[in-house]
Amino acid sequence: MDSFLDYEECIQDSPAFRLTLDKCQTDVAELQSRVEKVMKLCGKMVESGQAYNTANQHFLDGLAEFSTYHKRDSVIMNCMSQFIQGLQEMINFHTVLFDQTQRAITQQLSNLLTQFIPQLGETRKEFVRIGEDLETAAVKNAQIYRHKVTDAERASHLLLATRKCHQHFALDYCLQVNSSLYCLFQVFSYFHAQYTFFHQGFDLLRDLEPTMKSMAAQLSQLSTECTAKRKDLENTHLLIQQRDASGEPILSSCPDGGETIQGYLFKRSRRKNKTWKRCWFSIKDNQLVYTKSHKEEPVLLFDDLRLCAVKSLDSIDRRFSFELVSVKKCCALQADSEELKQAWISAVLGSIDMAYRERVESQQPQSPSDPQPGQPPQRPAALVVALQSPGNHRCCDCSEEEPRWASVNLGITMCIECSGIHRSLGVHLSKVRSLTLDSWDPEQLKLLCGLGNDVINGIYESRCAAEGRVKPSAGSPRPEKETWIKEKYVEKRFVKDANSPETRRQLYQAAFQGDLVTMASALAQGAEVNWSHAEEEGRTALIGSTFGGSLSACEFLLQNGANVNYRDQRGQGALHTAATWGHTG
Ligand SMILES: [Zn+2]
């Protein structure tokens with residue numbers, strides 16, 4: 001619409017005004033069709049925008065779900081959550097933009113179409129009618145004869161009034177037509193909405209800038225770590241290659257228990273078809289357990305390996321096989337190599353060996369005869385055996401509960417603090433070892449069972465009451481314990497009949513008989529461990545013990561400083577004697 005109605009021309013109702021008015025009316029008709037087109041296009045655009053927003057929201061939800069994959073990394077998680085919040089805000093901005101577009105263009109222009117333009121039509125009709133009235137009034141006024149003064153005056157007034165009315169109406173009409181330009185303001189408010197949208201978006205992203213930087217730093221760090229990990233993996237590849245080349249068995253041992261091994265073995269089915277299936281086996285707490293696949297629960301194959309026999313299975317075609325036999329069942333297993341097979345057999349034998357030790361210990365009169373069925377299985381074997389003797393469940397020197405240390409040569413258990421004090425005495429007086437961390441030979445454990453805290457205290461604390469000496473307790477300060485332990489083991493202040501010459505013969509005799517208690521008593525009373533018995537061809541107690549055939553007595557003497565190289569009058573040493581008499585353990 002480029003025509004403007006001039007108000008001066010309008011008042012005069014000149015032909016030029018009439019011409020422009022006609023043009024304007026055509027323009028208004030054209031405007032109507034164009035407005036309709038713009039509204040339609042705008043409607044389509046807003047509709048597509050809303051569809052975009054819906055798709056964007058779905059995408060954002062997907063992104064949020066995806067980012068929880070990184071929930072272990074709190075920095076990345078935090079950044080992602082801020083980005084997602086920002087993008088959510090952008091969707092909200094878009095929603096507002098489309099709402100405003102809808103309002104600015106469609107609603108306002110539709111008002112133009114439904115109200116303003118029809119109203120303009122009505123006004124135009126009225127304008128035409130008043131124009132005709134003016135024409136009629138003018139004609140009437142012109143036709144009045146000059147001598148009809150009254151009529152002429154009335155006609156003049158009517159013409160004047162009608163013209164005034166026409167002029168006012170024409171002005172109003174012009175105003176309305178010109179006002180159709182108002183639709184440009186709708187378009188302008190749309191531009192304003194676009195401006196606000198981009199401005200808000202810019203502010204939002206600028207606020208996110210620090211987060212983007214911190215995420216970039218974190219990602220760069222992750223990338224460095226990934227590279228390092230990849231290098232590690234490459235090194236592992238190398239290690240596997242080297243290992244395969246050297247034939248070293250791939251066998252893992254559990255960190256918490258030294259006795260435990262685990263790895264893959266083939267197990268022969270006990271059904272008729274005798275198929276072999278590869279399963280993951282492990283030995284722990286004297287039990288053999290296997291798992292067919294990671295989806296299945298472990299199966300207990302042998303509930304107590306101490307009651308099983310193990311032997312190499314050379315009678316079948318498959319290599320590296322061995323067999324486990326218990327009272328209830330037998331089972332054939334196959335390892336990948338001879339080394340692995342031997343490792344597994346040794347592990348099973350370890351359990352059987354432990355059973356042997358326990359049986360021997362329980363046969364000794366000093367040991368408790370009940371096999372302690374309720375023993376917690378996770379305890380290390382040495383500890384279980386060591387705590388069986390009377391008094392061994394409390395520290396020998398301060399009575400603290402649950403001792404975890406022992407003196408091999410004295411045959412006692414003790415708490416960690418007293419073990420430190422014992423260590424300070426020197427190994428010639430006390431050989432301290434851990435019951436949970438060190439490995440123990442069966443003969444060493446036998447000393448702990450054959451002697452034990454009650455027996456040793458019976459010897460080393462015999463005169464306590466007479467001396468009026470009170471033993472320290474678990475809560476006593478360390479210096480008090482130190483003094484006590486020195487008086488007890490170094491000075492041997494509370495031992496009965498100390499330094500009697502008879503003790504040497506007693507030691508020899510007890511060693512021959514395998515009587516550990518008398519031997520300990522004799523040593524406490526000052527018997528010289530390497531004294532040679534002139535009446536017994538100059539033999540020492542150690543040689544005597546080999547005559548008697550007691551391995552425990554032998555072990556006890558060796559732990560307490562007996563000289564294995566000493567020879568008797570016939571030139572025979574302990575090893576020679578043992579061999580002669582067939583006591584080779
Ligand atoms: Zn203690």
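Guide: Ser 399 counts as partly exposed because it has 19 C-beta neighbours inside 10 Å; by the rule used here, a residue is buried if 20 or more other C-beta atoms, placed from the backbone, lie within 10 Å of its own, exposed if 12 or fewer, and partly exposed in between. This is a predicted model, in which local features need pLDDT of at least 70 and side-chain atom pairs count only at pLDDT 80 or more, while totals for chains, interfaces and linings use all residues. Residues are numbered from 1 along each chain as its sequence is written.

Ser 399 is placed in the loop between helix 7 (381–386) and strand 9 (405–407), where helices (H or I, at least four residues) and strands (E, at least two) are DSSP runs numbered from the N terminus. The phi angle of Ser 399 is near 65 degrees, a positive value in a residue other than glycine. Lys 274 also has a positive phi, near 55 degrees, and is likewise not a glycine. Lys 274 sits in the loop between strand 2 (261–268) and strand 3 (276–284), and it counts as exposed because it has 10 C-beta neighbours inside 10 Å.

The part to look at closely is helix 10. Its buried residues are Gly 452, Asn 453, Val 455, Ile 456, Ile 459 and Tyr 460. Seen down the axis of helix 10, these residues fall within an arc of 165 degrees, so they line one face of the helix; the arc is that of the directions from the helix axis to the C-beta atoms. The buried residues of helix 10 pack against strand 10 (412–414), helix 9 (442–450), helix 12 (478–490) and helix 14, with two residues taken to be in contact if their C-beta atoms, placed from the backbone, lie within 7 Å.

Of these partners, helix 14 can be followed in detail. The axes of helix 10 (residues 452–460) and helix 14 (residues 516–524) come within 10 Å and cross at roughly 35 degrees, the axes being lines fitted to C-alpha atoms, for helices over the stretch in contact, and the angles running from 0 to 180 degrees between N-to-C directions. The crossing of helix 10 with helix 14 is right-handed; a crossing has that name if the near helix is turned clockwise from the far one by less than a right angle, and is left-handed if anticlockwise. On the helix 10 side, Val 455, Ile 456, Ile 459 and Tyr 460 meet Val 517, Ala 520, Ser 521 and Ala 524 of helix 14. Sorted by class, this contact has seven nonpolar residues, one polar and no charged, where Ala, Val, Leu, Ile, Met, Phe, Trp, Tyr, Cys and Pro count as nonpolar, Asp, Glu, Lys and Arg as charged, and the others, Gly among them, as polar.

Among contacts between residues at least 6 apart in sequence, 60% join residues at least 24 apart.
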